[in-house]
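Sequence and model are shown first.

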Amino acid sequence: MKNSKVLVWSIVVALGGFLFGFDTAVISGAEKAIQHLWDLSAVEHGFTVSIALIGTVLGAMLGGIPADRLGRKTTLFWIAVLYLVSSLGSALATDWYVFIFFRFLGGLGVGASSVAAPMYISEISPAKSRGKMVGLFQFNVVFGILIAYFSNYFMQDMGDNAWRWMLGVQALPSLIFLLAILYVPESPRWLIMKKGDVQQAREILNIIDTETSEETLFAIMNANEETKDKPSARLFSAKYKTPVMLAILFAVFNQVSGINAIIYYSPRIFEMTGLGAKAAFLSSAGIGFVNFAFTLLAINFIDRFGRRTLMAIGSVGVIITLGLVARAFFIQDFTGVPVFLFVYIAFFAFSQGAVIWVFISEIFPNEVRANGQALGSFTHWFMAAVIAFSFPIISEYLGGGITFSFFAIMMILQLIFVWRIMPETKGTSLERTDKTLVLH
C-alpha cells in the first residue's frame, strides 16, 4: 500500500470488524453454560443465542440513518460505545433478562458496524486497492472469530464464571477502538454529498492519492450535481432495482450457506459427530484459524482475480463439502466430518466471506450508498438470525442430514447466480460502477 495513512485509517475502522467477529463467535463458548445456569428451554436457548442477531438486524436496518446524518466517523464512535457497554453488561449480568438486554445492545453495534465500516473504507480507498482495503474489515471479522474461539478454549476451565470472562474480555478491544476512531478523518464523499465541504474533502483526497485526487473530486462533485436538484433519492425505485436485487440475493446466499450455524454452534456440531467437549472446543478454534488464513489469502487475490472468480471457486467448494457432511449424517458415519467442515470454511472464507462487504459497498451510488449498505446488512443479519434461531430446532427434529442438504442446495443456486447475474466490480471507481448498474 503506497499510502500508509489510508492503510492506518482502514485498519482502525476495521477494528469494528474485529469486535463484530468476536461478539458473533464468543457466545459459542458460553451458550451451554448459560443454558444450564438459567435452566433455559430449547426455545429460550435459541432466543438467547439469536438475541444479538436480532439486535444486529435492527442495527443494520437503522445504521444507514446516522451514517448519513451524523457522518461515518461519528457513527463508528457510537458503535464503539455500544460494544464497550455490551461486553461489560453481559459479563456482569445477574439474571437472564439483563443478559438478553446487553447482548441485544452488542447486536446493535455489530449491525451498525456492518453498514458504516465497509462503507467508510470503500469511500476512502483508491479504486485499484479498494477490494483489499475493504477486505480488511472481513479479515478483522474472522480474526475476531479466531481470537474468540481461542479465548473460549483457554477460559473454559475457569470455573462456573468462565462464561463471564469469555464475554467480558471484549471490553479491552472495545475501548481501544473507541479511542482510535477519534483520529481518523471523515469520509470525503460524505463531506461533499451531505455537508458541501469541498475544501476539507479535497485535503483528505490529496492524502489518499495526490495523483487522482482532483479527478476523484470532480467525479464526486459531478455525481452530486446530477442528484442535488432532483427529488430525494429513494432506494426502492426502478432506478436502483439492479443494485437492490444484487445486494439482497448476495446477502441471502451468504447466510443460507449455513456459515453462522457452524460458527455459533461449532462445539455442539463437533460433539454431535462424537468428539468430546475439549476436542470440540479445540476443533472450533481450528475452524477459526482456517477462516482467518483463507480470508487473508482471499484479500491478496480479490483485486487481482476479481470478485466473480473468487465466488465461483468458493461456491463449488462449499457445495461439495456440505454434501459430504450431509451424507455423513445420513449414514451416521462421521469419519472425516471435522476435515469436511474445515475445508468448507476455507472455501467460504475465500469467497463469500471475503467478497460480501466489498461487493455491497461498491454497487450503490453515493446518494443511496448508506441506505443500500444498510439494506444488504439488514438482509444478511435477518437471515443470520433466522438460521441461528432455527438451526438447533431443525437439526433436532429433522436431523443433520436434511439440514446440511438444504445448505448444499442453496449453494447450487448461488453458483447459478454468480454465473448468470453477478457483475464484476474490481478496479473501477465507485462513480463509474454506479453508472453501469443504475438506470439513467
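## H12 and H18

H12 and H18 cross in a left-handed sense, where left-handed is taken as the near helix being turned anticlockwise from the far one by less than a right angle, and right-handed as clockwise. Helices are DSSP runs (H or I, at least four residues), numbered from the N terminus. The axes of H12 and helix H18 (residues 400-420) come within 10 Å and cross at roughly 150°; axes are lines fitted to C-alpha atoms over the stretch in contact, with angles from 0 to 180 degrees between N-to-C directions.

From H12 the contact (heavy atoms within 4.5 Å) takes Leu246, Leu249, Phe250, Phe253 and Asn254, and from H18 it takes Met410, Met411, Leu413, Gln414 and Phe417. Eight of these residues are nonpolar, two polar and none charged. Ala, Val, Leu, Ile, Met, Phe, Trp, Tyr, Cys and Pro count as nonpolar, Asp, Glu, Lys and Arg as charged, and the others, Gly among them, as polar.

## Basis of the model

The model is predicted: local features need pLDDT of at least 70, side-chain atom pairs count only at pLDDT 80 or more, and totals for chains, interfaces and linings use all residues. Residues are numbered from 1 along each chain as its sequence is written, and side-chain values use heavy atoms, with hydrogens and water left out.

## H2 and H5

Helix H2 (residues 42-62) packs on helix H5 (residues 96-124) at an angle of about 35°, with the axes 6 Å apart. The crossing is right-handed. Residues in this contact include Phe47, Ile51 and Leu58 of H2 and Trp96, Phe104 and Val115 of H5. By class, the contact of H2 with H5 has 14 nonpolar, seven polar and two charged residues.

## H6 and H16

The axes of H6 and H16 come within 8 Å, crossing at roughly 120°. H6 is therefore oblique to H16, as angles under 35 degrees count as roughly parallel, over 145 as roughly antiparallel, 65 to 115 as roughly perpendicular and the rest as oblique. H6 passes H16 in a right-handed crossing.

Arg130, Gly131, Val134, Gly135, Phe137 and Gln138 of H6 meet Gly353, Ala354, Trp357, Val358, Ser361 and Glu362 of H16. This contact of H6 with H16 divides into five nonpolar, five polar and two charged residues.

## Cavities

A cavity is a set of points on a 1 Å grid over the protein atoms alone where a 1.4 Å probe fits but cannot get out, and lining residues have an atom within 4 Å of a point. Grid points are joined across faces, edges and corners, and a volume is the space filled by probe spheres set on the points. Three cavities of 30 Å³ or more are counted.

The largest cavity has a volume of about 160 Å³. Of its 18 lining residues, Gln138, Val141, Asn260, Phe348 and His380 are the closest to the centre. Helices H1 (4-37), H6 (130-155), H12 (241-255), H13 (259-272), H16 (337-362) and H17 (369-398) each supply at least two residues of this lining. The lining of the largest cavity has ten nonpolar, eight polar and no charged residues.

How values were computed. On a 1 Å grid over the protein atoms alone, a cavity is a set of points where a 1.4 Å probe fits but cannot get out, and a pocket is an open set with protein on both sides within 12 Å along at least five of seven lines; lining residues have an atom within 4 Å of a point.
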